[in-house]
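Thanks, everyone, for making the time this morning.

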Amino acid sequence: MAVCIGFIGKENSPLFLRCINQSQELQFHYIMHTCIDFVEEKIIQSNKSGSDVRELYLGLLYSSEEVKAYGFVTNTKIKIVIIIDSTNSLLRDNEIRAIFRKLHNAYTELVCNPFYTPGDPITSK
Amino acid sequence: MCIMSSKTQPVITYAGDTQLFSTLESATVQGLPQETVEWKRSYGRPPRAVTLSASFQPFKIDNDGFKELSKGLKKLSGAEVLHTYWVECQDIDTYKANVRESIQTWFTQIKQVECSDWLIILVENSDSKKSKQILPRTTVLDKIKNDFGGKTTERCIAVVDPVKGETKSSESWQTFLFRLRQALMAAFSRTLTKFEETVRTQRERRNELNWNFCNYFLLQEELAFAFEMLGLYDEALVQYDELDALFTQFVLNSAVGDAPDWLLAFQATPNNWSGVCLNPKAPFNTELRQKIQNHTMSVIDFRNYLFARQSALLLISSKPAEVARRCLSYVQSYMYELKLLNVSTVDGAIPTWILLTCLQVLSTCQSHVGATGNQSMESFALLWNMAKDKLYELGRKCGLLPGASVGSAELHCVVTLSSGITDYGDDSAVRPTPVDKLKEALSSSQAFTKHYLELSELAMGTFKHCGRLRSARLIGRDLSRFYLQLGQPQKSVSFLLDLLRGYQEEDWPLLRIDTHIELAEVFQKIGDRVRFIEASANIAAYPALNADTRMKYFSHLLQSAQDEFRSINCSSMMDLVDIRIHFDTSLEEPCSVLCDSIVRAEVEVVNHFPGPVKCSEVTITVKAVKNANDESKQSKAAGKKSVADKSLDSKAIEKPGVLAAKAKTSSSDYIPIKEQLHLKQDGSLSSVALVCPSAQQLLGRKVSHGLLPTELSVIKEEYTHKLSVKDVNIVPGVNRLTLQMKADHAGTYVLSQFVACSQRLEFIQSVNCPKVSITVVEVMPSVTVIKTRDDLLAGTDQEVELVIRTGSTAFQNEKTLRLCSSRGLMINLPKTDSLFQRELDLVLPPMAAFETVSYPLKIRADLGFTASKEATFVEHKLSVHCPWLSKTPPLLDLPLNVYAPFTVQYKLHTAYTKKFVNIHVQGLTPSSRAFEFQNPNVLLPDATYKNPALSKLEWRNLNGSSQTLKISQDQPANYLWELCGAPAQYDLPLLKAEFSVDYRLVGTSDWKLFSFNFDIADYATLFTVRSRVEPVKGNDFLRAGSLCHMTLTVSDVLQQASSAALMYEVLADQALWAVCGRTAGVFSMEGSSKHSVTLDVMPLVCGFLPLPAVRLSRYIPAEQKPKETNRKADLAAATLPRLEPFGAGQVYNWSKAQQVHVLAAPSNNGPTSFDTSTS
């Protein structure tokens, strides 16, 4: 299970960030923010390679002794980042992809909501 | 390397003529790897071109080996893969004699060995061949092939001894080498396949109890060696990677309680943490391999060995970036493994190891990376960062951080750690080596600081270099903390501000506040009160923070507010949620208020501070955009245009709406919108639409380059007005305030900033979005004239009303209006008993705004113009001198159209010598406003009578005595006088007469005198004309179509005919009369008083026909000078004959309007009559 997930808007402002352990929230904010660097780098790389069908899943963005961050970017430049514990070896690439797909679907549904203005911070109970 | 390569090389045995072979051995060993050979591989793997080298050993039967081989291939290195038999045999006889037998022995021996690949080489001497018979039946080679070759005759090769150095021999030598390579490759491949089989079997047995990873490791590593020997570095790397994965899997499994015994050996406490050794000159650490063979290594040693091997292979295939990349995951997974394996280590050993590994890898890679620059930078940056972090950790453990105290525990730590670091004795390494650096860093606090800063600088620089600004800034955060510990807080400010800017730009509130908290601490240390306040304000206003922290900083803020003057951008602290301005909806302009009124704005402010803020004043500053004059002009122009547009008969009519009019005045704030009326062809309305003409531009995609800029600091802008409220306590949460402003100047204003002043602090926020504008409209005082009745009439007193409206400004004092009328117009204020005059002063009392007063005003316009026929009205004007007007002179012209009530015409009538004066009065007013006339009179001025010729002139009144006439549009009046006593003579002077009459408007009491001057000319009759039309003789009647005579008789009335020549002209209507012969003629009256002319005329139709008209004119011959009259002719005209018409009263025509009766044409001889009748 992921320890933190985050949605980052296309202007790189956080839309939504939720983590299991509230005391680590600040730390995860820092990690998320740094992840934007990696996401941007990966996007540039994939643009250079010039493949027509863009892979939304970016793979591993960042890893440290404690955590690993995986990235996903939608066509509208919404970045989704999942942070998992480094010691968690049970989650394979496929499972991470599945999580991203679900998160992406959830975000799509949110955007379909007429009461939500795209770009606003997401509030959820 | 040498040791290793000889081990891994496959072995070829030799037998037979060993002496012969020794001469050839070196040439063979050298020649073998000179060319590549294609390796066709099993299991569908792609063929590779490889270089093979081999070492030779004499063939011997080894019993141990025999046993081993029977179990399967245990060892790859040093395995005998190919057996060769070398023989030199010149002729068949020798071969048959002994060679054959020895080959046979060798052949049976190799059959016993598992590896049974063989080659028999027959070395020939070229000159010996020559000595033989030219065509031997069979050669030795054929024989050998026959005896041993079986199906594989290519295993028997003949080679010419290359020592002889002939062309033929070198060619045969190359063929031999090629054959040898092929054979060796095939043999080696077979061996390798067998070995792989062994490895696989071994791996399958990994769960057995007596299986040991170390043994397996060494076994599979041989495979890697073999691939490395073949130059297949990627294949070799795959072997290591497989081993790596296998080991990792074991470790992971051990975590769930499945730890095999051999793994326990790995849990030994390491005593060396010098990191990975990546000495390019010694890619093979025998010492460590020995430990593996002895099963005495720790996991740290094993990992070091494995990573060093992998790195060496990667470096050989020139992938230094990959080394750096792997290093990261290697270090991380390694730490994880240590945790899983429960390896107890000396405190600080692991960070030391990581640090050294990172530095080692970095220094190695950077020396390799050279030109391949950027792609590896990212990994480098991460490595630097990790090294930096680990050094910090070590510093903390060893008490080297600034300000830390060094106790015995810390000293012990330094000593222990230093003992575990050894250099690998690589003298060629660049000094200082990572180990040297670490030792130095641990030696003293200063050295530590220096190294730490250096590492941070490198990490930060590398991150920046590869474009990872956020990561670079995050290092700045660590650095700022370090500087803070170092007691140099001012150095950390720039790092923190940089961070803050980044977080603000991308809107990360939590991180922003965290940075603010750190900044607050720093500013407090520096003593920068001003910026401390700002940071405190930001922290206090952040709702997600815990209440204690917020209150703490809030109290800081309130304290500082007393003595520091500071403007703070408060967009995140006091949020201006809503502004509502009460506009005057009664005004035409949108969003406008009246000048001099009080503008009220209701403002909703959300206070995010945890406590109430007492504000001495809350204001919203207002800036003027344009002054009122420009705008009113422009909007007027726009208004006019709309009217013009409307009159066009086009299918779509556009009319700028209110918004459009505004759009011209204040460019970007409004969207221009036009009203469009679509008309059908018959002109009726089809549809109405609102159109935005610049929709293309407005709806165009904007480059989304970001959010609204949030500025760090704000400056209070200049302003002209402010909406304000004093002494407010802004409580946490929503506050509703009512702000006021006096609108004292007309114009358009834009709200600019929200300012809340609390003690010496100013919380400022720009009111940018949406832009709110106020238009202050000034209504000028106005003066108008209202007519009381339909039209103003001249000649009689008319009442109008002077209306004065004050507009938006009150008249504080009395004001004097001076009224001036244009010529011919008199005015009078009935209230003041003054006379009619052209100028008068009107004193206005003080008046309130929008008050209206009206004054009755009497005007009297002259009737003088009524004589002219054209003008029925005169544009008079009333000029009002208004002191409030800005122009000079402050005159306001009010037009007054005064209409004539009647017109008067004069006409002179003649009856032979009698003259009558007719005055025709035509009313112009409707009968409801008729005029009454009485006492008409005609007078000649007295001077006229002084002329003796005119002294007898007198008027005979032909009008009714004292009748009052009523005239209106429908009812004209005529007055008639006979002018008697006029002398009968030429050249009478002009009579200037005056007609006067009393008149009044029906319903009024006063009679007024109206006089009308006119000139009477030609009041003496000079000639009379009489014309008759008679039938020709013999005819009794006039008939159409038959000639008749027309007789003109001109008589001189005065009997004193001068020598003047006259000319007559008959002007017949050509439809009625045809004049035969001349229609005009000149004659002279000289000597007679009468002159007759007879003309032939022919009536063309029957009926009562008017007689042809006759015109008499004075004829002036060519040479004769014109008569001395007031008419002046120039000399050129005098040379030609010309006519001078008589005045209207000078010639009397008797026959005017006479008619004759003309009968029809004489075809029917009916009775005819002749008759003249006077009408």
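Predicted model: local features only at pLDDT ≥ 70, side-chain atom pairs only at ≥ 80, totals over all residues.

**A helix pair and its surroundings**

The crossing of α21(B) and α22(B) is left-handed, a term used when the near helix is turned anticlockwise from the far one by less than a right angle, with clockwise giving right-handed. Residues are numbered from 1 along each chain as its sequence is written, chains are lettered from A and ligands numbered from 1 in the order in which they are written, and side-chain values use heavy atoms, with hydrogens and water left out.

Coming back to the pair, the axes of helix α21 (residues 509-526) of chain B and helix α22 (residues 529-540) of chain B come within 8 Å and cross at roughly 150 degrees. The axes are lines fitted to C-alpha atoms, for helices over the stretch in contact, with angles running from 0 to 180 degrees between N-to-C directions. The two helices, α21(B) and α22(B), are therefore roughly antiparallel to each other, given that angles over 145 degrees count as roughly antiparallel, under 35 as roughly parallel, 65 to 115 as roughly perpendicular and the rest as oblique. From α21(B) the contact (heavy atoms within 4.5 Å) takes in B:Ile513, B:His516, B:Ile517, B:Ala520, B:Phe523 and B:Gln524, and from α22(B) it takes in B:Arg531, B:Phe532, B:Ala535, B:Asn538 and B:Ile539.

Let me turn to the chain as a whole. Chain B has 28 helices and 49 strands, taken as DSSP runs numbered from the N terminus, with helices being H or I of at least four residues and strands E of at least two. Of the 1175 residues in chain B, 46% are buried, where buried means under 20% relative accessible area, exposed over 50% and partly exposed in between, with a 1.4 Å probe and protein chains only. Among contacts in chain B between residues at least 6 apart in sequence, 71% join residues at least 24 apart.

Which residues have the most contacts inside the largest nonpolar core? They are B:Phe213, B:Phe609 and B:Phe763, in a core of 210 residues, a nonpolar core being a set of buried Ala, Val, Leu, Ile, Met, Phe, Trp, Tyr and Cys residues joined through side-chain atoms within 4.5 Å. Apart from that core lies another, of 62 residues, with B:Leu792, B:Leu863, B:Phe902 and B:Tyr1019 among them.

In strand β19 (residues 761-766) of chain B we find B:Glu762, which is buried at a relative accessible area of 8%. Leaving aside neighbours within four places in sequence, B:Glu762 is in contact with residues including B:Arg566 and B:Lys716. B:Ser766 also lies in strand β19 of chain B but is partly exposed, with a relative accessible area of 24%.

B:Asp727, in strand β16 (residues 721-730) of chain B, has a positive phi of about 50 degrees although it is not a glycine, and at 64% relative accessibility B:Asp727 counts as exposed. B:Asn935, in strand β32 (residues 931-939) of chain B, has a positive phi near 55 degrees, again in a residue other than glycine, and B:Asn935 counts as partly exposed at 41% relative accessibility.
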